[in-house]
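Student: I'm new to this one, could you walk me through it?
Tutor: Gladly, have a look at it before we start.
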Amino acid sequence: RSTQNPSGQPPPREGECKKTPEGLLQRNGLGVHTSANGMTYIGSWLNDKMNGTGRLEHPSGAVYEGEFKDNMYHGAGTYTFPNGAKYIGPFNENKYV
């Protein structure tokens, strides 16, 4: 997916980025990422990792919506299984608490 900025040019990446001292682009702020295997993350980034609040959609139909820390489900969240069943509650490093 690509959106146009006011100059009419597509953005280099979908979201806010900054350059590291090594010259690499790193996601920070809000953005969207779709992986090669079809997972889509929409939410907050810090130091190129999912951090803060967001939504992660799996190709299986499973969805996690809530808090992330260093690419893991961490904090309050809702995990919806492909069959529609839900777990709503706290997570600690990708595990139900």
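Tutor: One term to begin with: buried means under 20% relative accessible area, exposed over 50%, and partly exposed in between, with a 1.4 Å probe and protein chains only. This is a predicted model, in which local features need pLDDT of at least 70, side-chain atom pairs count only at pLDDT 80 or more, and totals for chains, interfaces and linings use all residues. Residues are numbered from 1 along each chain as its sequence is written, and side-chain values use heavy atoms, leaving out hydrogens and water.
Student: Is N51 buried or exposed?
Tutor: N51 is buried, because its relative accessible area is 12%.
Student: Which strand does N51 lie in?
Tutor: N51 belongs to strand β4, residues 49-57, where strands (E, at least two residues) are DSSP runs numbered from the N terminus.
Student: What does the side chain of N51 reach?
Tutor: The side chain of N51 comes to 2.8 Å from the backbone nitrogen of D70. Setting aside residues up to four places away in sequence, N51 also touches others, including Y41, W45 and F68, a contact being heavy atoms within 4.5 Å.
Student: And W45, where is that found?
Tutor: W45 sits in strand β3, residues 40-46, and W45 counts as buried because its relative accessibility is 7%. Beyond its neighbours within four places in sequence, W45 is in contact with residues among them R27, H33 and M50.
Student: Changing topic, how many strands does the protein chain have?
Tutor: The protein chain has eight strands and zero helices, and buried residues make up 28% of its 97 residues.

Technical notes: Helix = DSSP H or I, 4+ residues; strand = E, 2+ residues; numbered from the N terminus. Polar contact = N/O pair within 3.5 Å; in protein donor to acceptor, adjacent residues only side chain to side chain.
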